[in-house]
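Reader: I would like to go through the terms used for this model and see what each one rests on. Please start with the core.

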Amino acid sequence: TRDRSEALRTPIVAVLGHVDHGKTSLLDKIRGSAVSEGEAGAITQHIGATAVPLDTISGIAGSLVDPDDFDLPGLLFIDTPGHHSFSTLRSRGGALADIAVLVVDVNDGFQPQTEEAIDILKRTGTPFIVAANKIDTTPGWNPQDGEPIQVTYDSQSDRARSRLDENLYEIIGQLSDSGFSADLYWRVQDFQANVGVVPVSAVTGEGVPDLLTVLMGLSQRYMKDQMAIDVEGPGAGTVLEVKEEKGFGTTLDVVMYDGTIREGDEIVVGGMHEPIVTEVRALLQPKPLAEIRTEKRFDRVDSVAAAAGVKIAAPDLEDAMAGAPVRVIRDRDREAVIADVESE
Ligand code: GTP
Ligand code: MG
């Protein structure tokens with residue numbers, strides 16, 4: 001029997017790639033485009049994540065995305081750091097993701113943390129696409145702000161276009177060396193067998209409509225079944241970071257991928273030595289971008305439903321670990337939940 005609260009949750013998209021290849025800029029561009037679409041309020045900044053609703057995606061992608069073709073609610077992006085020292089965090093992000101975007105600087109091609117990200121994606125079996133970023137730096141480029149790649153391609157000189165193509169085929173070759181058959185995304189028929197490469201610019205926004213369209217299409221096509229959750233069920237998530245927060249002590253930045261977590265819930269969190277059983281004192285979300293400079297950096301919320309990023313304040317979190325599972329006990333057997341967390 002289907003639970004009445006069953007719903008399709010937002011797919012979690014990890015953005016991975018080498019340092020400075022443009023992961024954060026790409027997310028900034030998506031946020032910025034939403035603002036210029038008059039949808040500033042639509043995009044919500046979560047802890048460690050950015051939620052982009054379907055309507056906003058459709059606004060940015062224009063004719064490429066008809067919202068009527070989709071029933072997934074949007075995409076939840078997790079940014080990850082490219083610097084080599086953050087390998088744990090990348091690994092967490094990769095493991096948590098339903099799907100990933102591997103950002104590769106089109107001039108630099110594969111670099112050490114690109115390879116590392118590929119290994120994470122292989123290990124976790126996460127489907128991914130490649131965003132070949134910074135196409136606007138191609139010599140002789142004639143930028144077409146925010147346009148789909150076909151439009152922008154048609155506006156380039158033969159010279160600029162063939163320079164870009166050379167770089168793109170270099171990346172396709174590097175993917176092939178890593179064991180992935182890949183091609184420019186519009187040539188890919190079966191995204192389960194081939195990795196699609198999407199040329200983009202995080203500065204001009206060119207190709208961003210394509211990137212969102214491909215991500216939405218892939219999620220809808222291959223991940224819809226996995227997205228069906230009992231939204232009101234006891235929440236489950238993964239710790240991205242353990243942080244000290246003034247006035248709250250040790251807190252957890254968590255991405256929830258199942259159910260709901262509420263203030264006052266008893267939770268089990270993976271710890272350094274043993275699972276921690278504690279009670280949620282506060283659930284915190286960052287203030288909207290416009291208010292970020294105010295004294296209080298967070299808003300308190302009563303509950304959070306997956307998929308979402310949230311900061312959890314609770315006693316006894318000192319021994320919690322990045323990457324650890326978080327489980328709400330609620331009406332479940334406490335010992336069973338503890339055993340669950342212990343075995344993860
Ligand atoms: P880490 O978080 O440190 O791993 O880097 P990142 O991948 O998030 O890169 P970030 O977005 O911080 O961009 C690095 C630099 O590249 C910045 O100076 C950006 O302005 C620049 N940059 C990113 N994307 C583009 C692009 O599409 N075109 C151009 N011209 N510059 C870009
Ligand atoms: Mg960054």
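Author: In this predicted model, the largest nonpolar core has 90 residues, and Val13, Val130 and Ala132 touch the most other members. Helix H7 (residues 208–223) gives this core its largest share, 7 residues.

Reader: What is alanine 132 in contact with, leaving aside its neighbours within four places in sequence?

Author: Contact requires C-beta atoms within 7 Å. With those neighbours left aside, the partners of alanine 132 are Val104, Val106, Leu168, Ile171, Val197, Val198, Pro199 and Val200.

Reader: Why is strand E12 called mostly covered?

Author: A residue counts as buried if 20 or more other C-beta atoms lie within 10 Å of its own. In E12 (residues 249–258), 7 of the 10 residues are buried, so the strand is called mostly covered.

Reader: How do you know that E11 and E12 pair?

Author: Pairing takes at least two bridges. Strand E11 (residues 236–245) and E12 are joined by 9 bridges and run antiparallel, so they pair. One of the bridge partners in E12 is methionine 256, which goes with glycine 237. The two strands form a hairpin with 3 residues between them, and glycine 247 in the turn has a positive phi of about 85 degrees.

Reader: What makes E12 and E19 a pair?

Author: The requirement is again at least two bridges. Since 6 bridges join E12 to strand E19 (residues 308–313), they pair, and they run antiparallel. Valine 254 stands opposite valine 310 in E19.

Reader: Which residues are closest to ligand 1?

Author: Of the 18 residues that surround ligand 1, the closest are Gly22, Thr24, Ser25, Gly82 and Ala202. The shell divides into 4 nonpolar, 10 polar and 4 charged residues.

Note on methods
Residues are numbered from 1 along each chain as its sequence is written. Chains are lettered from A and ligands numbered from 1 in the order in which they are written. This is a predicted model: local features need pLDDT of at least 70, side-chain atom pairs count only at pLDDT 80 or more; totals for chains, interfaces and linings use all residues. A residue is near a molecule or strand if its C-beta atom, placed from the backbone, lies within 6 Å of it. Ala, Val, Leu, Ile, Met, Phe, Trp, Tyr, Cys and Pro count as nonpolar, Asp, Glu, Lys and Arg as charged, and the others, Gly among them, as polar. A residue is buried if 20 or more other C-beta atoms lie within 10 Å of its own, exposed if 12 or fewer, and partly exposed in between; C-beta atoms are placed from the backbone. Helices (H or I, at least four residues) and strands (E, at least two) are DSSP runs, numbered from the N terminus. A nonpolar core is a set of buried Ala, Val, Leu, Ile, Met, Phe, Trp, Tyr and Cys residues joined through C-beta atoms within 7 Å. Two residues are in contact if their C-beta atoms, placed from the backbone, lie within 7 Å.
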